[in-house]
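Work through the exercises below with the sequence and the coordinates open, and try each task before reading its solution.

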Amino acid sequence: MIRADCDSVRDDLDAFADGELRGDELRYVSQHVDSCIRCTEEVEIRRSVGGLIRESAQQWRHQPPAGLASGVVTRVRTESSLSWRAVLNRGAEDWHWIIVGGGAVMATFVSTLFCSALLLLGTATPRADSLSAMVTNLQSSPGQMYAEVSRPGASAQDVMFVQLETSAEPAGAMPDVLAREGEERQWVALLAQTLAGGGPLGQLAAMPEKERKQAEWLLDNIARMRRIEPAVGPMNTLNVYRLHLVTNTEVTAKGLTP
Amino acid sequence: MATETPLKPIRVLAWSSAASADWALVQECAAGSEDACTRLVTDHQRMVYQLALHLLGDPQEALDLSQEVFLKVFRTLPQFRGQSTLRTWIYRIVVNQASNRQRWWRRRRRSQQVAIEEHTAQHGELPDVREFSMPDRVLQERETAGRVWHAMDQLPFEQRAVIVLREIEGLSYEEIATSLDVAVGTVKSRLARARETLRLALVHQ
């Protein structure tokens, strides 16, 4: 029979003493220990140290104090409720600015909705002398005509607002103004004739010299007619700045009520 | 010389039934059942407290640690997957918590340690244990227990944990390895070193 050497089993003596060896390992170490006094003593020493510890442990044995279980469960319950509160607090803190921003947007939306509802559903009392009423009247069907005029030599600040007769022939400053408009209309028609046949894009450089000169002359005249300057009235009595056609006689702007 | 082959205690409860009972208890606790939580603590409090006491050596510290351990158990209960038994899983938590605490405890104790001469100068001579009218056998047992405890207290924490789990708690090498999250070979070597240190310490005392 092959005898195992003490060195080869030394590392397994603790496991042998503790009954942790199995199979071939157990047989191998067991055979050696059975025949080796020194290793048998080593095993006994290990077991006696273990026995001493176990006996001593009896002296240290204390029962856990009563109430440990209830104390632990109470703490678990407390921690669990605190943790929910903490989670809520943390959530509120993390979403603080988002909640504030959302609230502001919502408040704006509600305010806008409220104002819109007021404007749409509310009944507005019409004011006869309001600016909107006057503008509405000016854009309506033909009625009386007014002109902004000043006397020759007077300052541009001294503009007067005068009513013109529209039911009869234009009087006062109107013929000259209307003639000017008619002249411009004729020049535009002439220009259109001159440029006719040149395609959608008329090019002066590509035109015959005679037609080009005529077109240039017409353009100069039209441009001159359209300069913003007060027209000169008949007999140089008035400078006409602007004409107003008032739609009906219900205009109640202050100072204009007939 | 013939030696008796050591007998290993056989577990009466089969693994599958123990595991399923553990698993059911864990599920109930995780669902928030206070009864289940109380049952879990009641079933394991003695084991946890004794192990804490043997690792730390102070009843009040052991009690505090036991509470910490159970709180940790309930906090981390959702992580329990049943890969080990509930008992082994709790052992691991006890050892980890005790390891953290004893580092702090040792530092504190070192800083508060008072020389015996200083103590007797302030408080007088230490009482002689023989002054108490105890039987000699009891006194001798206490004296031996004190020597063993003193020797164990000198061991590094890793070795003390292994020796306590093996000799007092009766765990197998594999269970110790799982509880300490180390290899079985490490358990063997730590156990051998711890026994050798203890033997030398007890012989020379």
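The model is predicted, and local features need pLDDT of at least 70, side-chain atom pairs count only at pLDDT 80 or more, while totals for chains, interfaces and linings use all residues. Residues are numbered from 1 along each chain as its sequence is written, and chains are lettered from A and ligands numbered from 1 in the order in which they are written.

**Exercise 1. Describe the secondary structure of chain B and state what share of its residues is buried.**

Begin by assigning helices (DSSP runs of H or I, at least four residues) and strands (runs of E, at least two), numbered from the N terminus. Chain B then has nine helices and zero strands. Next, call a residue buried if 20 or more other C-beta atoms, placed from the backbone, lie within 10 Å of its own, exposed if 12 or fewer, and partly exposed in between. By this count 29% of the 205 residues of chain B are buried.

**Exercise 2. Decide how far helix α8 (residues 173-180) of chain B is enclosed.**

Listing the buried residues of α8(B) gives B:Tyr173, B:Ile176, B:Ala177, B:Thr178, B:Ser179 and B:Leu180. Because these are six of its eight residues, the helix is largely enclosed by the rest of the structure. After α8(B) comes B:Asp181, which has a positive phi, near 60°.

**Exercise 3. Work out how α2 (residues 34-56) and α7 (residues 157-168) of chain B pack.**

For α2(B) and α7(B) the angle is about 135° and the axes are 10 Å apart. Angles under 35 degrees count as roughly parallel, over 145 as roughly antiparallel, 65 to 115 as roughly perpendicular and the rest as oblique, and α2(B) and α7(B) are therefore oblique to each other. Residues are in contact if their C-beta atoms, placed from the backbone, lie within 7 Å; here B:Leu51, B:His54 and B:Leu55 of α2(B) meet B:Arg160, B:Ala161, B:Val164 and B:Ile168 of α7(B).

**Exercise 4. Identify the residues that touch the most other members of the largest nonpolar core.**

A nonpolar core is a set of buried Ala, Val, Leu, Ile, Met, Phe, Trp, Tyr and Cys residues joined through C-beta atoms within 7 Å. The largest one holds 58 residues, and those touching the most other members are A:Phe16, B:Ala52, B:Val94, B:Val162 and B:Ile176. Its largest share, ten residues, comes from α2(B). Leaving out residues up to four places away in sequence, B:Val94 touches B:Val48, B:Leu51, B:Ala52 and B:Val69.

**Exercise 5. Characterise the contact between the two chains, and the crossing of α4(A) with α7(B).**

Counting residues in contact gives 33 from chain A and 41 from chain B. On the side of chain A that touches chain B, α4(A) gives the most, with 14 residues. The axes of α4(A) and α7(B) come within 9 Å and cross at roughly 80°, and the two helices are therefore roughly perpendicular to each other. The residues that meet are A:Gly50, A:Ile53, A:Arg54 and A:Ala57 in α4(A) and B:Ile163, B:Glu167 and B:Ile168 in α7(B).

Note on methods
Axes are lines fitted to C-alpha atoms, for helices over the stretch in contact, and angles run from 0 to 180 degrees between N-to-C directions.
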